[in-house]
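Student: I am new to this structure. Please show me how to read its features one at a time.

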Amino acid sequence: MMNKLLIPKLYYKDIYSINYKKLKDKNITYLLFDIDNTIADNRENKPSKEAIQLINKLKKDFTIILVSNALPLRAKRFGQELAVDYYAFSIKPLKNTYKKIISKYNINPSNIAAIGDQLYTDILGANKMGITSILIDKISNNESIITKLNRIRENIIIKKYKIIERGHYND
Ligand SMILES: [Mg+2]
């Protein structure tokens, strides 16, 4: 039986095509971004100009927080470049980091959306917390062995249960 918590609430091509206005209209005020393959290719060690521009624009309507399973140095560099709060080594899909954020900011999961490229970390973690989960297509195929193994599981379940249709995005 499939775990329903693996189903993303919304699905977009990338962070640039997400309908942020729709999120704002649904009283989402906090956006949790994954870093690797969501904001940047794993080989890049800082955010692109395009990413910095987007995040700066979003700051008008949302509080932006990076929630990454990456090592502290990498998360720190992105956090500093984007001038946002960041959490490294989050061990998504475990609840710890989400709980920390909810308590630090004193917010409700219904006001949060989490954006990432992996079902078994980003989407599962957000759904477990009642956070609006948003899947995007990975930026590149450059991934760690662990992620590649997750992708095998992910691709099987996506096909078997038609969780999403690649390329069929939300409005
Ligand atoms: Mg990722």
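Tutor: Start with helix H5, which is mostly covered: ten of its eleven residues are buried. Buried means under 20% relative accessible area, exposed means over 50%, and partly exposed is in between, with a 1.4 Å probe and protein chains only. Helices (H or I, at least four residues) and strands (E, at least two) are DSSP runs, numbered from the N terminus. This is a predicted model, in which local features need pLDDT of at least 70 and side-chain atom pairs count only at pLDDT 80 or more, while totals for chains, interfaces and linings use all residues. Residues are numbered from 1 along each chain as its sequence is written, and side-chain values use heavy atoms, with hydrogens and water left out.

Student: Which residues of H5 are buried?

Tutor: They are Leu 119, Tyr 120, Thr 121, Asp 122, Ile 123, Leu 124, Gly 125, Ala 126, Asn 127 and Met 129.

Student: What covers the buried residues of H5?

Tutor: The cover includes H4, S5, strand S6 (132–136) and H6. Contact here means heavy atoms within 4.5 Å. Just after H5, Gly 130 has a positive phi of about 80°.

Student: How do I read the packing of H5 and H6?

Tutor: Two packed helices are described by the angle between their axes and the distance between the axes. Axes are lines fitted to C-alpha atoms, for helices over the stretch in contact, and angles run from 0 to 180 degrees between N-to-C directions. In this model H5 and helix H6 (residues 145–161) pack at an angle of about 65°, and their axes are 10 Å apart. On the H5 side the contact is made by Leu 119, Tyr 120 and Thr 121, and on the H6 side by Asn 150, Arg 153, Glu 154, Ile 157 and Ile 158. The residues of this contact divide into four nonpolar, two polar and two charged. In that count Ala, Val, Leu, Ile, Met, Phe, Trp, Tyr, Cys and Pro are nonpolar, Asp, Glu, Lys and Arg are charged, and the others, Gly among them, are polar.

Student: Is Asn 150 buried or exposed?

Tutor: Asn 150, in helix H6, has a relative accessible area of 13%, so it is buried. Leaving aside neighbours within four places in sequence, Asn 150 is in contact with Gln 118, Tyr 120 and Thr 121.

Student: Where does Arg 153 lie?

Tutor: Arg 153 lies over the face of Tyr 120, at 3.8 Å from the ring centre. A charge sits over a ring if NZ of Lys or CZ of Arg is within 6 Å of the ring centre and within 35 degrees of the ring normal.

Student: How many aromatic pairs does the structure hold?

Tutor: A pair of aromatic rings is described by the distance of the centres and the angle of the planes. Rings of Phe, Tyr and Trp (its six-membered ring) pair if their centres lie within 6.5 Å; planes under 30 degrees apart count as stacked, over 60 as edge-to-face and the rest as tilted. The structure holds three aromatic pairs. In one of them, Tyr 30 and Tyr 105 have ring centres 5.4 Å apart and planes at 65°, so the pair is edge-to-face. This pair links distant parts of the chain: Tyr 30 is in strand S2 (residues 30–33) and Tyr 105 in helix H4 (residues 96–105), 75 residues apart. Tyr 30 is buried because its relative accessibility is 12%, whereas Tyr 105, at 23%, is partly exposed.

Student: Which residues coordinate the magnesium ion?

Tutor: Donors are N, O and S atoms within 2.8 Å of the metal (3.2 Å for Na, K and Ca); water is not among the atoms, so sites may look incomplete. Here the magnesium ion is coordinated by Asp 34 (OD), Asp 36 (O) and Asp 117 (OD), at 2.1 to 2.2 Å. Along the chain the donors follow the spacing D-x1-D-x80-D. Asp 36, in the loop between S2 and helix H2 (49–58), and Asp 117, in the loop between strand S5 (112–116) and helix H5 (119–129), are 81 residues apart. Asp 36 is partly exposed at 22%, and Asp 117 is buried at 1%.

Student: Which peptide bond is cis?

Tutor: The bond from Lys 92 to Pro 93 is cis, with omega near 15°. Pro 93 is in the loop between strand S4 (85–87) and H4.
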